Amino acid sequence: MRRFAGVLVAASIVLALLGAWELYAVLGPVDPLLLPAPHDVARSLWQDRVLLWENFTVTAGEVLLGILVAGAAGFACAIALHLSLALRRSVYPLLVASQTIPIPIVAALLVVWLGFDIAPKLVIIGLVSFFPIVVTTLDALARVDPELIKLLRTLDAPRLAVMRHVELPAALPGLFSGAKIGVTVAVIGAVFAEQAGSSSGLGHLVQQAIPQLLTARAYAAVLILSAFAIALFGLLTLAERMLVPWAHHPPR
Amino acid sequence: MDGVHVDGVERIFRGRSRRDDVVALRGMDLCAAPGEIVAVVGASGCGKSTLLELICGLQAPDAGSVSADPAVLLPQRDLLLPWASALDNAALALRVRGVPAARARDEARPWFERFGLAGFERARPAELSGGMRQRVAFVRTLLAGKPVLALDEPFAALDALTRQEMQGWLARALAEEPRTVVLVTHDVEEAVVLGDRVVVMSPRPGRAVAELDVALPRPRHRTDASVVALREQALQALGAPA
């Protein structure tokens with residue numbers, strides 16, 4: 001019942017926003033080439049469905065692979081940082097700094113280095129979604145009860161065994177939290193990466209549609225990207241419930 | 001086998017300056033013969049937990065000496081792993097030393113039968129009561145296979161009824177599986193019910209100020225006249241109004 005109420009509230013918010021948008025686009029002072037009305041976007045969604053779908057599969061592939069790369073790299077990096085105070089002191093600030101670099105600047109460089117296929121996209125998606133994964137995983141590792149570590153020492157557990165039996169499982173909820181943040185920025189990263197140099201993908205489509213004044217098509221592409229991010233977020237939430245159920249049922 | 005010997009131990013936690021130093025223990029003596037249950041009582045913050053960590057080798061004394069058979073810690077909170085079953089939690093003591101999963105479980109299983117946990121092997125810690133969880137934690141402690149158990153207020157987190165029940169349970173478990181035990185508690189009654197000997201510690205800096213022999217037959221009940229009398233003695237030594 002509660003869930004149903006939630007859906008109802010979300011649906012009414014979306015409807016209200018769409019209604020306001022429609023009214024503003026039709027009656028307001030803004031040129032429809034700048035702001036297409038929702039019904040124009042809907043029409044484009046239908047009319048351009050083949051084009052949108054083809055480009056969506058490209059972007060979706062990039063995002064999925066990119067988030068996997070970011071997940072693996074982020075998890076490994078968090079563990080390395082957790083194990084070494086020296087790394088935490090030296091590398092962590094650099095990681096923070098890496099997040100402040102505007103993507104378009106590196107994107108162009110990466111295209112020069114890595115070409116026009118998927119490699120530079122994976123690097124960019126990895127770069128943007130890797131950071132939240134490192135931060136949340138590292139925090140989860142740091143939250144392991146120090147008393148538990150003491151107990152394990154009296155059980156004569158070697159460092160590796162502590163990692164394997166306690167720290168790795170304890171880090172999983174952090175990995176999921178980070179990945180949930182990561183997927184949303186991964187989608188933005190994919191768009192920037194495609195705009196820096198590619199011949200397909202929704203980001204590429206947006207870049208081509210705007211100068212052709214096909215604004216509705218650009219909005220349709222953005223809508224699909226949002227829906228994709230929501231779907232990925234939902235899938236991750238589901239996987240999290242199945243794989244790390246204890247994170248939702250704290251013992252106390 | 002020589003049990004536990006703590007001689008004239010001093011332990012200071014260094015602060016930023018001399019004035020911030022905290023002297024947890026000073027001139028602390030304690031010994032436990034093999035198979036003896038020594039209960040240590042004292043007010044909060046008297047260095048009881050520090051004493052146990054010294055015995056377990058988790059800390060080193062700043063002065064004096066600690067010599068003890070290998071000891072394992074049973075902390076106040078059960079600290080079970082929420083993702084693992086009760087059986088796997090107990091078996092953790094073996095797993096971390098590289099015993100394969102199947103063998104570790106096989107070794108842990110009979111202990112579940114013996115300690116009233118049969119049927120709960122597959123339960124997650126969140127599905128168990130506080131008393132049950134502490135039993136699983138105790139089995140984990142025993143499976144470590146060490147001659148000395150360092151119990152740090154093992155029942156402090158339980159409600160009063162469960163605590164009494166668990167005290168009886170622990171007394172029976174230790175009768176079946178004798179170990180050298182150093183039991184730290186702030187519950188004087190618990191000390192008298194469970195201990196062969198009760199050591200009373202002073203407030204910080206902690207040291208032993210009194211020692212009571214509890215030469216009473218088991219099982220003991222908190223309402224036994226002799227238990228009550230000893231409890232009064234211990235409380236007096238603690239400096240509490242009787």
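Visitor: Are α9(A) and α10(A) roughly parallel or roughly antiparallel to each other?

Guide: This is a predicted model, in which local features need pLDDT of at least 70 and side-chain atom pairs count only at pLDDT 80 or more, while totals for chains, interfaces and linings use all residues. Residues are numbered from 1 along each chain as its sequence is written, and chains are lettered from A and ligands numbered from 1 in the order in which they are written. Helices (H or I, at least four residues) and strands (E, at least two) are DSSP runs, numbered from the N terminus. Axes are lines fitted to C-alpha atoms, for helices over the stretch in contact, and angles run from 0 to 180 degrees between N-to-C directions. Angles under 35 degrees count as roughly parallel, over 145 as roughly antiparallel, 65 to 115 as roughly perpendicular and the rest as oblique. Helix α9 (residues 202-209) of chain A and helix α10 (residues 215-243) of chain A cross at roughly 160°, and their axes come within 8 Å. The two helices α9(A) and α10(A) are therefore roughly antiparallel.

Visitor: In which hand does α9(A) pass α10(A), and which residues of α9(A) and α10(A) meet?

Guide: A crossing is left-handed if the near helix is turned anticlockwise from the far one by less than a right angle, and right-handed if clockwise. Here the crossing of α9(A) and α10(A) is left-handed. Two residues are in contact if their C-beta atoms, placed from the backbone, lie within 7 Å. On α9(A) the residues are A:L202, A:L205, A:V206 and A:A209, and they meet A:R217, A:A218, A:A221, A:V222, A:I224 and A:L225 of α10(A). This contact has nine nonpolar, no polar and one charged residues. In this scheme Ala, Val, Leu, Ile, Met, Phe, Trp, Tyr, Cys and Pro count as nonpolar, Asp, Glu, Lys and Arg as charged, and the others, Gly among them, as polar.

Visitor: At what angle do helix α3 and helix α4 of chain B pack?

Guide: Helix α3 (residues 101-114) of chain B packs on helix α4 (residues 130-143) of chain B at about 130°, and their axes are 10 Å apart. That angle makes α3(B) oblique to α4(B). Their crossing is right-handed. From α3(B) the contact takes B:E107, B:A108, B:W111 and B:F112, and from α4(B) it takes B:V139, B:L142 and B:L143. By class, these are six nonpolar, no polar and one charged.

Visitor: Does B:T141 count as buried or exposed?

Guide: A residue is buried if 20 or more other C-beta atoms lie within 10 Å of its own, exposed if 12 or fewer, and partly exposed in between; C-beta atoms are placed from the backbone. B:T141 lies in helix α4 of chain B, and it counts as buried because it has 24 C-beta neighbours inside 10 Å. Apart from neighbours within four places in sequence, B:T141 is in contact with B:V72, B:L74 and B:L149.

Visitor: Which residues does A:V58 contact, leaving aside its neighbours within four places in sequence?

Guide: A:V58, in helix α3 of chain A, is in contact with A:S200 and A:G201. The C-alpha atoms of A:V58 and A:G201 are 5.1 Å apart, although the residues are 143 apart in sequence. A:V58 counts as buried, with 21 C-beta neighbours inside 10 Å.

Visitor: How many residues of helix α2 of chain B are buried?

Guide: Ten of the ten residues of helix α2 (residues 86-95) of chain B are buried, so this helix is largely enclosed by the rest of the structure. The buried residues of α2(B) pack against α8 of chain A and against α3 and α4 of chain B.

Visitor: How many residues does each chain give to the contact?

Guide: Chain A gives 18 residues and chain B gives 19 residues. On the side of chain A that touches chain B, α7 (146-154) and α8 (159-196) are the elements that give two or more residues. The largest share, seven residues, comes from α7(A). The residues of this side of chain A divide into ten nonpolar, three polar and five charged.

Visitor: What is the radius of gyration of chain B?

Guide: The radius of gyration is taken over C-alpha atoms, and the globule rule is 2.2 Å times the number of residues to the power 0.38. Chain B has 18 Å, which agrees with the value near 18 Å for a compact globule with 242 residues. Chain B has seven helices and nine strands, and 46% of its 242 residues count as buried.
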